[in-house]
Amino acid sequence: MERAHSHGELATQAELSKFTFEGIRVPLLDRQRGIRKPAILDAALSFRTTFTPPGQSPPYEDREGQDGLLRYKYRGDNPNHPENIALRRAYEHDLPLIWFVGVAPGVYLPRYPVWLVADERKELQFAVALDEDQKLIEPGTFLEPDRRRYVERLTKLRLHQPLFRARVLQAYGASCSVCQLRHSSLLEAAHIIPDGQPRGEPIVPNGLSLCKIHHATFDQGILGIRPDHVVEVRKDILAEVDGPMLRHGIQEMHGRLISLPRDRAARPDRDRLEVRYEQFRKAA
Ligand SMILES: [Zn+2]
């Protein structure tokens, strides 16, 4: 948990339940319930999406509608469940909410502020705007492809990319899998198969936790990772003579094994590593 906390914006269940406001304890997240409404307020303060381990499907699918906006499913199928009413109040009064998205059991990435912009009772869900620009979208409308791409790009920026980074860093214990650097502000989540290519999804088995230098060398084909997890540095780079960064930071990585997540389901997918390694080999 300490480790999770050290990679920046993440919050743990324990921290969230100890939150105080003007001397009053106001837990920001409820241990049992997905939607948090403190007794002192009449609207919800936060809602959450629980963590789904890699390789399992989430219990509720929070999908995008034709308007490009994400949907958050009601608690159960009764629109008048107290938790759904608390969220509806926040929707009716246009109140900002915190969305806690699960990164690991009991560890969350908070997104704030977000707004509920439609209450869709038939579908038992709310439409969520992740920022001021998404708030301008009329929920339920069919968007022109250009506009829709823009809305989806915002979702990627505000939610999918930070979530990918948080989940990958969490899986690798917040260290670079090549050099073991543990300075979280210098760590990034690299795609094994690049974003936008087939199978380039932002999921943990398509990710590697890498420091900025090793991310850049991996992306530029200076460093490759074999499907058996051995690091290879391109031949011409191995022959170069330069200062300590080249020598210790890059050349000495040649032949080392990358570190892997303890959780097998979070480990890099072998087929994807193979595809990427082939590209590295051909370019070299
Ligand atoms: Zn590194």
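Reply: Helices (H or I, at least four residues) and strands (E, at least two) are DSSP runs, numbered from the N terminus.

This is a predicted model, in which local features need pLDDT of at least 70 and side-chain atom pairs count only at pLDDT 80 or more, while totals for chains, interfaces and linings use all residues. Residues are numbered from 1 along each chain as its sequence is written, and side-chain values use heavy atoms, with hydrogens and water left out.

Helix α3 covers residues 82-92, and its buried residues are E83, N84, A86, L87, R88 and A90. An α-helix has 3.6 residues a turn, so residues three or four places apart point the same way. After α3 comes D94, which has a positive phi, near 55°.

In the whole protein there are nine helices and 13 strands. Of its 284 residues, 46% are buried. The C-alpha trace spans about 70 × 50 × 30 Å along its principal axes.

The chain is divided into domain 1 (2-167) and domain 2 (175-283), with bounds that come from an automatic or database domain assignment. Eight residues from domain 1 and 17 residues from domain 2 take part in the contact, where contact means heavy atoms within 4.5 Å. The C-alpha centres of the two domains lie 33 Å apart.

Between them, domain 1 and domain 2 bury about 920 Å², with 61% of it on carbon and sulfur atoms. Buried area is the accessible area (1.4 Å probe) that two parts lose on being put together, summed over both.

One salt bridge is counted between the domains; the term denotes a side-chain nitrogen of Lys or Arg within 4 Å of a carboxyl oxygen of Asp or Glu. D195 forms a salt bridge with K156, and their closest N and O atoms are 2.8 Å apart. On the side of domain 1 that touches domain 2, α1 (2-6) and α5 (145-171) each supply at least two residues. Helix α5 gives the most to that side, with four residues.

Methods:
Buried < 20%, exposed > 50% of the residue type's maximum accessible area, 1.4 Å probe, protein only.
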